[in-house]
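This report describes a ligand and the protein around it. Please look at the sequence and the structure first.

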Amino acid sequence: MSSEQPPKRPERAVKRAAPSALPAPVTPSTPHVASALAASSPWAYAPAPESKELALIRPRYGLFIDGQERAPASGEVVITYNPATEEPLAEVAKGGAEDADRAISAAERAYRKVWSKLAPRERAKYLYRISRILQERSREFAVTETLDSGKPIRESRDVDVPLAAAHFWYYAGWADKLQYAVPGRRPESHGVVGQVIPWNFPLLMLAWKIAPALAAGNTVVLKPASTTPLTALLFADVCRQADLPPGVVNIITGPGEMGMAIATDPRVAKVAFTGSTSVGIKIAQGIAGHGKALTLELGGKAANIVFEDAALDQAVEGVINGIFFNQGEVCCAGSRLLVQESIAEDFIARLKDRMSTLRVGDPMDKNTDVGAINSRAQMETIGELVASGVAEGANLWQPECVLPDRGWFYKPTLFTNVAQSHRIAREEIFGPVLSTITFRTVDEAIEKANNTAYGLSAGIWTEKGSRILQVAAQLKAGVVWANTFNRFDPTSPFGGYKESGYGREGGLQGLHAYLRSS
Ligand code: NDP
């Protein structure tokens with residue numbers, strides 16, 4: 001045996017984080033412990049930014065009319081900004097009535113000459129193709145959506161883009177089965193449909209509208225919101241990639257008045273709008289008496305009702321998801337928490353603990369829970385409504401969190417001691433702001449939940465199946481979730497009552513909206 005010692009192996013360079021950056025690996029057993037941890041330790045994650053380079057944003061975009069990119073008649077552009085940095089992202093064509101006219105002519109021609117003559121199964125192939133391309137380009141779409149809208153990349157990547165693809169897939173299946181959608185009657189398409197969409201789910205709202213419209217045999221003129229045009233313009237590229245016949249889908253960017261020009265044009269047979277109640281009313285008035293079909297998906301002030309027998313930690317998660325998903329910029333957000341008085345104190349304590357662990361900041365970071373507010377104007381709306389809540393006597397609470405120096409960010413906000421007459425209990429805030437109201441009995445919960453001008457969605461948290469059925473049947477809301485919230489599926493209809501609008505999107509009902517039947 002040799003006495004020689006083996007040569008010493010060179011020490012491997014091991015990267016160690018500075019001790020202060022590594023909190024002790026403690027698992028919180030209750031939410032109360034979580035807040036203590038959040039306060040006493042950094043509870044920090046290493047940054048996990050998604051790559052901006054995946055977005056391939058061009059400096060300038062034109063209008064997508066008749067399968068081609070065109071300059072607007074005005075020759076003007078508007079700038080779209082990154083809400084998280086306030087930096088410009090791209091220049092986008094500022095369309096007007098003249099451009100709307102050209103787009104509608106293209107859609108009308110495409111309907112008459114191509115799309116209405118195509119065998120339904122051929123239409124289906126285009127929809128499947130679009131769905132596949134969205135899946136293939138999902139990272140590009142997710143990054144573009146997050147940069148343009150401010151929503152966390154985790155949400156655009158895991159919710160918006162997959163659901164958009166799923167809508168095209170689902171409606172592709174219907175394209176050659178329309179006779180089964182309206183049994184005993186003959187389904188016919190409307191012709192040209194005009195669609196105006198908002199900024200909170202830009203790609204997803206596009207999919208909710210374009211997929212059923214094409215499956216039913218219509219052609220489309222769509223206007224995205226001015227602050228979030230990029231994924232719609234990227235979708236124009238998908239239409240070209242899918243070889244969709246020119247004019248079947250036209251996407252034109254421009255101000256609100258252009259949306260009205262699309263809706264009121266006599267060649268547009270059906271109008272679909274998602275946005276504020278005030279604009280929805282204007283559109284309904286503008287087209288009244290012209291025999292056009294109309295679906296309006298407007299605002300909401302949903303009640304998330306927590307009964308004393310609910311699984312409380314699960315309900316806390318549901319309430320958090322209900323109001324802080326997409327920064328609360330969601331028409332069906334659970335913006336009113338109705339909690340049974342017997343558990344209110346405990347529930348609010350758990351909720352505050354959980355809110356203390358929310359990560360607010362860079363939407364491109366995969367750890368971020370609450371991203372940027374879409375626009376300065378929306379920030380001001382939120383600020384004004386929150387100030388009204390304080391002035392009217394509600395108690396405001398916000399977790400300690402440091403907001404980025406730049407960009408439009410708002411702290412998760414909880415109001416307690418809210419009266420039903422307060423503006424924060426009646427008006428749609430469209431921000432990360434939760435208003436809490438208590439109740440004692442089931443009847444009182446139902447009455448308070450329905451005490452709103454809106455009727456889009458609601459949530460029920462209870463262990464009793466019979467109570468779920470009893471309460472859901474009495475809630476005047478288009479969608480009622482039980483022991484969950486904000487779940488979407490292409491096969492499920494979505495829409496509201498009262499000032500939340502009328503008509504349904506999604507599912508078979510969403511297909512009906514794009515069909516006339518004789
Ligand atoms: P709007 O209703 O103004 O915008 C929605 C869409 O309508 C956008 O494409 C917008 O274009 C377009 N539009 C604006 N004015 C007209 C018009 N006169 N005729 C036709 N189309 C028009 O919503 P805001 O962006 O002003 O948001 C205000 C509030 O509306 C929010 O605080 C929130 O409460 C609510 N809202 C509800 C949504 C929902 O999902 N139900 C979605 C968005 C907002 P442009 O962007 O160019 O102005």
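Where does the ligand sit? The ligand sits in the largest pocket, where sitting means that more than half of its atoms lie within 2 Å of the pocket's grid points.

## Basis

The model is predicted: local features need pLDDT of at least 70, side-chain atom pairs count only at pLDDT 80 or more, and totals for chains, interfaces and linings use all residues. Residues are numbered from 1 along each chain as its sequence is written, and side-chain values use heavy atoms, with hydrogens and water left out.

## Pocket

A pocket is an open set of points on a 1 Å grid over the protein atoms alone, where a 1.4 Å probe fits, with protein on both sides within 12 Å along at least five of seven lines; lining residues have an atom within 4 Å of a point. The largest pocket holds about 810 Å³ of space, a volume filled by probe spheres set on the points.

Its lining has 35 residues, with Trp199, Phe273, Gly275, Ser276 and Val279 nearest the centre.

## Ligand contacts

Around the ligand are 27 residues, of which Trp199, Ser226, Ser276, Leu298 and Glu428 come nearest; a residue counts as near if one of its heavy atoms lies within 4 Å.

Polar contacts are pairs of N or O atoms within 3.5 Å. A polar side-chain atom of Trp199 is 2.6 Å from a ligand oxygen atom. For an N or O atom in the side chain of Lys223, the distance to an oxygen atom of the ligand is 2.9 Å. A polar backbone atom of Gly256 lies 3.3 Å from a nitrogen atom of the ligand.

Methods: A polar contact is a pair of N or O atoms within 3.5 Å; within protein, one must be able to donate a hydrogen and the other to accept it, and residues adjacent in sequence count only if both atoms are side-chain atoms.
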